[in-house]
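Trainee: I'd like to learn how to read helices in a model. Can you walk me through it?

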Amino acid sequence: RSYSRRRLSSVAASIEGRLDRALGSLLIERSDEGDGTDGLSQGLEIMPDGYLVKGKLIFDPCDVDSVNSNSPFSTQLLYIFHQQFRIYFSSCCNLLRLVEVGGVALLTGQVFRRDFEEAIEATIYEVFSLVQLISITWTFTRMYSIIPLQHQWFKSIQIVHKNRRFSLPPLLFARFLVLLLCECLWPAVFCFICYPVMGLSGDWITICKISLLVSLNNLCYLSLGAACALVGSMPYGMIFATIMSQISILVSGVFAVMPMSHTEWLSKRSPFFWTIRGLMKCIFKWSDNYRCVHGSSDIEGGGQCFIEESLVIDQLERRGIYDPSGNGVIEECIALLILALCIHIFICIRCVFSFYRVDWYKLKRIKSSIIS
C-alpha cells in the first residue's frame with residue numbers, strides 16, 4: 001500500500017510538471033481580486049483524469065539588459081517584431097495554408113471559366129457573382145481565425161504592461177506590421193492563380209489592382225476581428241465579429257438598396273462597399289460591350305450593347321457601386337486603408353485603457369476598510 005501511495009504521488013507530480021511545461025507558453029492573466037498574487041502568476045485548477053493539479057505560471061523578463069522600456073523606439077520595435085513575427089508566421093504561412101488558398105483559387109477559376117470575347121447578359125451576371133464570392137471569401141476567411149490569436153496577444157500584453165517591460169507604441173506598431181506582412185500575401189496569391197485560370201491573364205496590371213483591393217478588404221475585416229477579440233471572452237468576440245461583419249455587408253447596398261434614404265451614408269463606412277466598387281471598376285470598362293437581341297449596328301460587329309445597358313450594371317450604377325467615369329481605384333484603396341486604420345486606432349485606445357487601468361477591486365477594499 002505504501003508503494004502504491006508513492007507511485008501515485010510520483011504520477012501526480014509528473015502530471016503537474018508536464019502541465020506546467022505545457023502551459024508555460026500561455027500568457028494568461030486574470031484581474032487581481034485580492035488573492036495575494038503579485039499580478040505575474042496565476043493559480044490553476046485543472047482536473048486531468050481525476051487528479052487535482054495546482055500550479056503557478058511565473059513570468060520572468062528576459063533580455064532586459066539588451067532591450068527594455070527605456071530603450072529607443074526602433075530597438076523595442078525590432079525586438080518585439082521579431083518575437084511576434086516568429087510566433088504568428090507559423091500559424092499563418094505554412095504548407096496547409098498554401099494548399100488551401102491555391103486549391104480554392106484553382107477551383108474558383110475553373111468554375112467561372114468563360115469565353116469573355118463572346119459575352120452576353122448572363123456572362124455579366126456571372127462575373128458579378130464572382131466579384132461577390134471573392135469579396136465574401138476574403139471577408140470571413142481570416143476574420144474568425146484572428147480572434148483567438150488576438151485574444152491571447154491581448155492577455156500577454158497585459159502582463160507586459162504590469163511589469164512595464166516595453167513601451168506601448170512599439171508593441172502596437174509591431175503587431176500592426178506583423179498582421180500587414182503575414183495576412184496581405186494570401187489574397188494576392190489567390191488572385192494571381194484564379195484570374196489566369198479563368199482566362200483573364202492578359203492584363204497583369206488589372207490583376208495587381210484586384211489583388212490590392214482584396215488584400216485591403218481582408219485587412220479591414222481582419223482588423224475588425226482583432227478589435228472584437230478585445231471585448232471580453234473569445235465567445236463574445238466571435239458573436240460581436242459576426243454581428244459587425246454582417247451589418248457592414250447588409251448596409252453596403254450590394255444586395256439591396258437601403259430602405260431609408262437618410263441611411264445611405266452607412267454604405268460608405270462599409271469596407272465591402274468599397275471593395276465591390278473597386279473590383280467592378282477593374283473588371284468592367286465603359287467601352288465594353290456584349291451581345292444582345294436589340295443591339296446597335298453602330299457598334300463594331302453588330303448586335304452589340306454597351307455595358308451600361310445591362311440590368312446588373314444599371315442597378316449597381318444607381319446604387320453608386322459602379323462608377324463608369326474612370327478606371328482608377330485610388331479612391332477605393334484610400335477608403336479601405338482609412339477604415340482599417342480607424343479600427344486599429346480603436347485597438348490602440350483599448351490597449352491604452354488596459355495599460356492605465358484602475359484596479360477597482362483594490363479601491364473597493366480600501367474604501368470598505370476606511371468605512372469600517
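Mentor: Start with burial: buried means under 20% relative accessible area, exposed over 50%, and partly exposed in between (1.4 Å probe, protein chains only). Note that this is a predicted model, where local features need pLDDT of at least 70, side-chain atom pairs count only at pLDDT 80 or more, and totals for chains, interfaces and linings use all residues. Residues are numbered from 1 along each chain as its sequence is written, and side-chain values use heavy atoms, leaving out hydrogens and water.

Trainee: Which residues are buried in H6?

Mentor: Helices (H or I, at least four residues) are DSSP runs, numbered from the N terminus. In H6, the buried residues include Leu 168, Leu 171, Leu 172, Arg 175, Phe 176 and Leu 179.

Trainee: How far apart are the end C-alpha atoms of H6?

Mentor: The expected span is 1.5 Å times one less than the number of residues. Helix H6 (residues 168-183) has 16 residues, so it should span 22 Å; its end C-alpha atoms are 23 Å apart, which agrees.

Trainee: At what angle do H6 and H7 cross?

Mentor: Axes are lines fitted to C-alpha atoms, for helices over the stretch in contact, and angles run from 0 to 180 degrees between N-to-C directions. The axes of H6 and helix H7 (residues 185-198) cross at roughly 15 degrees and come within 5 Å. Angles under 35 degrees count as roughly parallel, over 145 as roughly antiparallel, 65 to 115 as roughly perpendicular and the rest as oblique, so H6 is roughly parallel to H7.

Trainee: And which residues make that contact?

Mentor: Contact means heavy atoms within 4.5 Å. Here Leu 181, Cys 182 and Glu 183 of H6 meet Leu 185, Trp 186 and Pro 187 of H7.

Methods
Helices (H or I, at least four residues) and strands (E, at least two) are DSSP runs, numbered from the N terminus.
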